[in-house]
Amino acid sequence: MKRLLSICVLLAGSTLFAQEKTDSLRVVTESLRTMFDTKDIPVLPSYTFQHRVHYTSFKISWKGEQNEAFDLLFNTGSGIIGMRTQREEEGRKMDMLLVFDHPALTSVSFVHSDTLNVAMRMRIPDPTKGKAPGVVNFEKTKEQRTIAGQQATKWTAEDGNELIELWVAPVAMEVAPVFKAWGKLHGQSEVTKGDFESGLVLAGSMKYKDGEKAHFTFEATEVKLDTPYTFSTEGYTVQ
């Protein structure tokens, strides 16, 4: 949740550079007002997802090295995804489900702990609005391996000073919108804009060309397709 807020603020700030002739303070104020003007973002009585992939991930950030486990929840052909995880803040464990609507660029975060059940709504600024969509060109390799019971093929790309590696397993369903949303949510534009084949993105890494090791990695440990999961929002206070 904190990571998502940080991403939103950074994206909001980046719009300043595209508007050199406008007043900086006005732009920032308008971006923040839009981000937190959330009264029209709906919170449904429940959310149902047909498929689930469980991942473990590693990230190097300003906080240091972080490991996280999470579930990606999704429906065939939909850019609305769920991210379910458990975190510990100040000794308190929290169950979290974030529902991200990529087409609408809105999110609802559901946080549950012993004393807290709250739903927080947010808009995700789009710094590319009005611009031609960029593309990260991937090359398909001949390398294959089995990940979480699925046969995946390695795809590679270079984007600026970054080297990207993804392992993709073809499936008989439309999942491209799912992983475009996943990439946007995690701040991984290479996944969002990549031209690799549609399929389950089961593992990947991002490494700077001058870096000693990858600064972000993830890998699926379980794939459950056609196994519905329904989350009820009853009892959550909407903010």
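Asp-71 has Arg-84 as its bridge partner in strand 4. Arg-84 in turn stands opposite Leu-97 in strand 5. The model is predicted, so local features need pLDDT of at least 70, side-chain atom pairs count only at pLDDT 80 or more, and totals for chains, interfaces and linings use all residues. Residues are numbered from 1 along each chain as its sequence is written, and side-chain values use heavy atoms, with hydrogens and water left out.

Strands here are DSSP runs (E, at least two residues) and helices are runs of H or I (at least four residues), both numbered from the N terminus. Two strands pair if DSSP finds at least two bridges between them.

| Pair | Sense | Bridges |
|---|---|---|
| Strand 3 and strand 4 | antiparallel | 4 bridges |
| Strand 4 and strand 5 | antiparallel | 10 bridges |
| Strand 5 and strand 6 | antiparallel | 7 bridges |

Strand 3 and strand 4 form a hairpin with 5 residues between them, and Gly-77 in that turn has a positive phi of about 75°. The hairpin of strand 4 and strand 5 has 2 residues between the strands, with Glu-90 in the turn at a positive phi of about 55°.

These strands belong to an open sheet of 12 strands with mixed pairing, in the order 8-9-10-11-12-2-3-4-5-6-7-14. Its edges are strand 8 (139–147) and strand 14 (237–238), each pairing on one side only. Helix 3 (residues 176–185) packs on the sheet, touching strands that include strand 4 (80–89) and strand 12 (216–224); contact means heavy atoms within 4.5 Å. The direction of helix 3 makes about 35° with that of strand 4, where axes are lines fitted to C-alpha atoms, for helices over the stretch in contact, and angles run from 0 to 180 degrees between N-to-C directions.
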